[in-house]
Amino acid sequence: MDDVILVGGGIMSATLGTLLQKLEPTWSIRVLERLPRVAAEASDGWNNAGTGHAGLCETNYTTLRSDGSVDIDRAVRIAEQFATTKRFWSTLPHADFVRPVPHMTLVQGTDNVEFLRARHRALSAHPLFEAMEYTEDAAVLQQWSPLVAEGRTGSWAATRDVTGTDVDFGAATRQLFEAMAMAGASVETGREVRGLSQDQDGSWRLDVRGGRPVERARFVFVGAGGWALKLLRRAGIPDARGYGLLPISGQFLRCDRYEVVDRHDAKVYGTPPIGAPPMSVPHLDTRIVDGQRSILFGPYAGANPKFLKHGSLLDLPRSVTRDNIGSLLSMARANTPLIGLLLSELTATRGKKIAALREFVPSADSADWSIASAGQRAQIVKNGELRFGTEVVASQDGTIASVLGASPGASTAVPIMIEVLNRCFPERKWDSRLREWLTG
């Protein structure tokens, strides 16, 4: 019997496993990944935008108050969480998967310009955002990003923060698992967990397809992305009842042409369509994956019933149960703009996608851009509400836990996993050891 089994080979499992090895080096840890390699789903470098989410460019992390001021509390909280994750990465031998890439926000129209001006005023007064710059000057924008500036007309404004980052989460995940394996963990691919049941002694029995059919562990973390809820339900976890998931698929336009890529060094976020989830905020991203430099634009949301990129077309219909169908229907009624957006983007032509790109790159040549499929996301639905972010779900006895939800997940993986540790192992009081390790 293992002390710990981590189901799923993504960034969350890799982070939790690394923390547990640091805290309890004698514990046996086994990783079970259903695909032939780890980091093949949402953590893969090309399945996400690679933004180190720190509230620098994402307008949805700040809200306009009725008096015209801007509430920055959520942006500050996310910036602090990402700082913790970066400190964790800095303890690794080769954290070359984090690269400096400025974060920008670009808005158009008088109302949006006024909002961005107020947003910059509020954020730049905080120490975490003091490097943020603001401009409505075309010459300055030309210096920041010639690709974005060329041919731009009308009313617009932009901010830039040079402390932003691009993260290859796939490389981060693989490096973490490699280090875990060197320290004694067993990282196994091609092994799909099909069911879980708890024995009388509190340990868990896992039915596995591929290799040995049964594994047992004292503690289980289900880091299976969109399939996590399915496994929690099979395990009979009461706290998993009532949750539903809304799958969000995505595509990007990708450019690898050097002459274009060389003229852009930033992640530029705009404003989301009305009713769109945070992960649908349009953005033009410098990406560096496996050493290759590219630009991605998107995402273009779609209506795909899969909960994982390598999932099943039956994921969504099989997830509907008596305890969540009412919640899902209420969410659909309350979010008709979002449903309409998903359906419209599902049928969007290439011409419509290029037109959206040209709002960021007015001079874009369609021939330079190709379509790339992103990873699948599963947004949380609970009590008729579409919830953004991530939520920890754990059993009452703390022997099994999981994380549901999406953005800014990977960027805040360390604080999320510390929450898992505190909820599942409260008696061990690891906080002081973690603070000492992460603050150096």
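This is a predicted model: local features need pLDDT of at least 70, side-chain atom pairs count only at pLDDT 80 or more; totals for chains, interfaces and linings use all residues.
Local features were considered only at pLDDT of at least 70 and side-chain atom pairs only at pLDDT 80 or more, whereas totals for chains, interfaces and linings use all residues. Residues are numbered from 1 along each chain as its sequence is written, and side-chain values use heavy atoms, with hydrogens and water left out.

Helices (H or I, at least four residues) and strands (E, at least two) are DSSP runs numbered from the N terminus. Helix α1 covers residues 11–23. At 1.5 Å a residue, its 13 residues should span 18 Å, and the end C-alpha atoms of α1 are 18 Å apart, which agrees; the expected span is 1.5 Å times one less than the number of residues. Twelve of the 13 residues of α1 are buried, so the helix is largely enclosed by the rest of the structure. Here buried means under 20% relative accessible area, exposed means over 50%, and partly exposed lies in between (1.4 Å probe, protein chains only). Among the buried residues of α1 are Ile11, Leu16, Leu19, Leu20 and Leu23.

Two packed helices are described by the angle between their axes and the distance between the axes. Axes are lines fitted to C-alpha atoms, for helices over the stretch in contact, and angles run from 0 to 180 degrees between N-to-C directions. Helix α1 packs against helix α14 (residues 431–439) at an angle of about 105 degrees, with the axes 11 Å apart. That makes α1 roughly perpendicular to α14; angles under 35 degrees count as roughly parallel, over 145 as roughly antiparallel, 65 to 115 as roughly perpendicular and the rest as oblique. Leu19, Lys22 and Leu23 of α1 make the contact with Arg433, Leu434 and Trp437 of α14, where contact means heavy atoms within 4.5 Å. These residues divide into four nonpolar, no polar and two charged. Ala, Val, Leu, Ile, Met, Phe, Trp, Tyr, Cys and Pro count as nonpolar, Asp, Glu, Lys and Arg as charged, and the others, Gly among them, as polar.

The axes of helix α2 (residues 73–90) and α13 come within 7 Å and cross at roughly 90 degrees. Helices α2 and α13 are therefore roughly perpendicular to each other. In this pair, Gln81, Thr84, Thr85 and Phe88 of α2 meet Ala413, Val414 and Pro415 of α13. The contact has four nonpolar, three polar and no charged residues.

A nonpolar core is a set of buried Ala, Val, Leu, Ile, Met, Phe, Trp, Tyr and Cys residues joined through side-chain atoms within 4.5 Å. The largest has 58 residues, and those with the most contacts inside it are Leu16, Phe219, Phe221, Met417, Val420 and Leu421. Helix α13 (residues 413–424) gives the most to this core, with eight residues. Beyond four places in sequence, the contacts of leucine 421 include Leu16, Leu19, Leu20, Leu23 and Leu434. A second, separate core of 29 residues includes Val220, Ala378, Ile380 and Ile400.

Most residues other than glycine have a negative phi, and most peptide bonds are trans. A cis peptide bond, with omega about 0 degrees, joins glycine 298 and proline 299; proline 299 is in strand β17 (residues 292–302). Aspartate 290 has a positive phi of about 50 degrees and is exposed, with a relative accessible area of 61%. Asparagine 383 also has a positive phi, of about 55 degrees, and is exposed at 65%.
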